[in-house]
Amino acid sequence: MLVFAVTRVIWVPSGEFVAFGTLTLAALQLGRTPGTVGLLAVMAIVAGLMETASTLRRGEAAHLPRRLLVWTAVPLAIAGAVAAVAPLELPLPVQILATLAAVTALGPLLYRIAFQPVAEASVLVLLIVSVAVHFALVGFGLWFFGAEGSRTPPFSASRSPSGRST
C-alpha cells in the first residue's frame, strides 16, 4: 500500500525480489555465479543508455558523468563483485551481503527502465506495466535458476534435546 501511495504503482513483482534473493544466495552457497549478476549488468547498461538519451535531450550534458556513475557504474561494480566472489567459499554473512547488494540494486534499475518512462500515465497503465514486469521477472527467474529449485547447506546445525547435532 505504501508503494502505491507514494508512486501510484500497484507493486505486483515484490515476490520476485524475495525469490531472486533466496536463489541468488543459494547459487553463491553452491559456488556458482547467480543469474541475477547478468540481469543486473544488462539492466545497468539499459538504464545508462536511457539516462544518456534523456540527459542529452534536456541539454544537461554536464550532469551525465554523475548520472552514469549512479545508473551504470555502481550496478556494474556490484555485479562484478558478486561474480568475483561467487566461486570463493566465503562465510555466510558475506554471501548474504553480496546477495542483498545485487538484489537491492535491481529495484531502482527496474523503476528507471520500466516505470519512470510512464510515470505520468494512468493507474491502469501502471498496473499493466507492473503485471508485465512480474511476468518478465518470473520468466527470467526460471531461465536463470531453473524450475527444479536448489538445495543448500543449512544456516546452522540444529540440535536435538540431548545436545547432539541432527
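**Helix packing**

Mentor: The axes of H3 and H5 come within 9 Å of each other and cross at roughly 35°. Axes are lines fitted to C-alpha atoms, for helices over the stretch in contact, with angles from 0 to 180 degrees between N-to-C directions. Helices (H or I, at least four residues) are DSSP runs, numbered from the N terminus.

Trainee: Which residues make the contact of H3 and H5?

Mentor: On H3 they include Leu-39, Leu-40, Met-43, Ala-47, Glu-51 and Ser-54, and on H5 Ala-102, Leu-106, Leu-110 and Arg-112 are among them (contact means heavy atoms within 4.5 Å). The residues of this contact divide into 13 nonpolar, two polar and two charged. Ala, Val, Leu, Ile, Met, Phe, Trp, Tyr, Cys and Pro count as nonpolar, Asp, Glu, Lys and Arg as charged, and the others, Gly among them, as polar.

Trainee: What are these values based on?

Mentor: The model is predicted, and local features need pLDDT of at least 70, side-chain atom pairs 80 or more, while totals for chains, interfaces and linings use all residues. Residues are numbered from 1 along each chain, and side-chain values use heavy atoms, without hydrogens and water.

Trainee: Now H4 and H5: at what angle do they pack?

Mentor: H4 (residues 64–85) and H5 (residues 92–115) pack at about 150°, with axes 10 Å apart. They are therefore roughly antiparallel, the term for angles over 145 degrees.

Trainee: Which residues meet there?

Mentor: Trp-71, Pro-75, Ile-78, Val-82 and Val-85 of H4 meet H5 residues including Ala-98, Pro-108 and Arg-112. The contact holds eleven nonpolar residues, no polar and one charged.

Technical notes
Helix = DSSP H or I, 4+ residues; strand = E, 2+ residues; numbered from the N terminus. Parallel < 35°, antiparallel > 145°, perpendicular 65-115°, else oblique.
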